[in-house]
Amino acid sequence: MKMTRIVAVAAFVAVVLMLPSCNGRKFHINGSITSAADSMLYLEHSGLDGFETIDSVKLNADGTFAFDEQAADTVSPEFYRLRIAGQFINLAVDSTETITVKAEYPVMSSQYDVKGSDDCSKIKELTLAQQQLQSTVDALVHSQRMSVDSTRAAIDAVMAQYKNMVTRNYIFKAPMRAYSYFALFQTIVVDGQPVLIFNPRNSRDDIKVFAAVATSWDTFYPGSERGKNLHAIAIQGMKDVRIMAAEQASKIDPSKVQVANLIDISLPDNHGVTRSLTQLSGKVVLLDFHLFAGKNSTQRIMMLRELYNKYHSAGFEIYQVSVDPDEHFWKTQTAALPWISVRAPQGVESEELAKYNVQAIPTFFLIDRTNTVRKRDAQITDLDKEIKALLAE
């Protein structure tokens, strides 16, 4: 996905345009926008390539309006906006909601009340926070006391602070919500150009945020077009970041590079302690990618426990990477396990799975005492025999 396409989508949210079908369900948006007599109020639906007007009304003196629209035949929330000229109010609609909006023109984008939808209330909070960020960035850009480099550094700092706030208070708290999806595509304008606040094209951390929402939408809205779109963005972002990393690595002095025999993984375990694969040098390690919420998980864990009990004293260890989206569930499931249990918070879109080319869950690898990956599951017919052989080397 090209950068220009993502930015175009970020005018509101990235979705695949799905026109309402005749499913009999309706949603309702009503209220009043004062000081806008004779103005045209448009209700627009957000699509991948922009916005499409689905209804409009000419406001009278009191500014009242009411839209009763066919609900889209989708499994996930839909996104709309109310617009008068260049002023607009962003809304998320979950099927058959009734949402009431009251505002005054021409400050309706920043001064409005919305009732009937928690998602819309949160979107308002995010919109106001974004507008404040834009004001701060504008002040930095027009400052006469700062150099170009200092201005860029200051903008990066305030954007990082904003992303931390949004990630902590909104996205990671409820990644399945419409407002979390909305937050991913917010932009600011710098030197006349729209800039993504969360940019999955050049930031590993931002890819993780996209992947977290994508994984959650897979769970709550399986098969949704928005979920698929998020996955596509996250996957493309991982590819782009890998290319950037390879280009940077090619410029590093080879004498300063320590070569390892495996791709390291370093993640917090179920006790909050960061555990790395490379720390297990000297042991035979089963690197296991697992989903505790998956079918036959219990039987598989019992099999691994038998192997662990049989060979651990001889130098065998299990480093298990969970891709479960629910952290609490993962901690509950691993509380009594004796081996190393870590979790990739991005789930099946995690960087760790991409590094090891994991195409299915569960998948495992055997690593010898020198930190060298020897075999993956597809190459193994007798796991017990392979572990015993590696321990004897």
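Q: Which residues does Trp217 contact, once its neighbours within four places in sequence are left aside?
A: Leaving those neighbours aside, Trp217 is in contact with Ser76, Pro77, Pro175, Met176, Arg177, Ala178, Tyr181, Pro222, Ser224, Arg226 and Gly227, where contact means heavy atoms within 4.5 Å. This is a predicted model, in which local features need pLDDT of at least 70 and side-chain atom pairs count only at pLDDT 80 or more, while totals for chains, interfaces and linings use all residues. Residues are numbered from 1 along each chain as its sequence is written, and side-chain values use heavy atoms, with hydrogens and water left out.

Q: Why is Trp217 called buried?
A: The term buried means under 20% relative accessible area, exposed means over 50%, and partly exposed is in between, computed with a 1.4 Å probe on protein chains only. Trp217 has 0% relative accessibility and therefore counts as buried. Its place is in helix H5, helices (H or I, at least four residues) and strands (E, at least two) being DSSP runs numbered from the N terminus. The C-alpha atoms of Trp217 and Lys228, 11 residues apart along the chain, are separated by 9.0 Å.

Q: What makes Ser109 count as buried?
A: Ser109 has 13% relative accessibility, and therefore it counts as buried. Ser109 sits in the loop between strand E7 (98–104) and strand E8 (112–115), and, not counting residues up to four places away in sequence, Ser109 touches Gln87, Phe88, Thr127 and Gln131. The loop between E7 and E8 also holds Pro106, which is joined to Tyr105 by a cis peptide bond with omega of about 10°.

Q: Which residues touch the most other members of the largest nonpolar core?
A: A nonpolar core is a set of buried Ala, Val, Leu, Ile, Met, Phe, Trp, Tyr and Cys residues joined through side-chain atoms within 4.5 Å. The largest such core has 37 residues, of which Leu126, Ile171, Leu184, Phe210 and Leu230 touch the most other members. At least two residues of this core come from each of helix H2 (118–141), helix H3 (148–171), helix H4 (178–184), strand E9 (187–190), helix H5 (204–220) and helix H6 (225–249), and H3 gives the most, with 7 residues. Apart from this core lies another, of 24 residues, among them Leu41, Tyr80, Val101 and Met108.

Q: Why are H2 and H3 called roughly antiparallel?
A: Axes are lines fitted to C-alpha atoms, for helices over the stretch in contact, and angles run from 0 to 180 degrees between N-to-C directions. Angles under 35 degrees count as roughly parallel, over 145 as roughly antiparallel, 65 to 115 as roughly perpendicular and the rest as oblique. The axes of H2 and H3 come within 10 Å and cross at roughly 170°, and H2 and H3 are therefore roughly antiparallel to each other. By class, their contact has 14 nonpolar, 3 polar and 2 charged residues, where Ala, Val, Leu, Ile, Met, Phe, Trp, Tyr, Cys and Pro count as nonpolar, Asp, Glu, Lys and Arg as charged, and the others, Gly among them, as polar.

Q: What makes H7 roughly parallel to H10?
A: Helix H7 (residues 297–311) and helix H10 (residues 383–392) pack at an angle of about 25°, with their axes 12 Å apart, and that angle makes H7 roughly parallel to H10. In this contact, Met303, Leu307, Lys310 and Tyr311 in H7 meet Leu383, Asp384, Ile387, Lys388 and Leu391 in H10, and these residues divide into 6 nonpolar, no polar and 3 charged.
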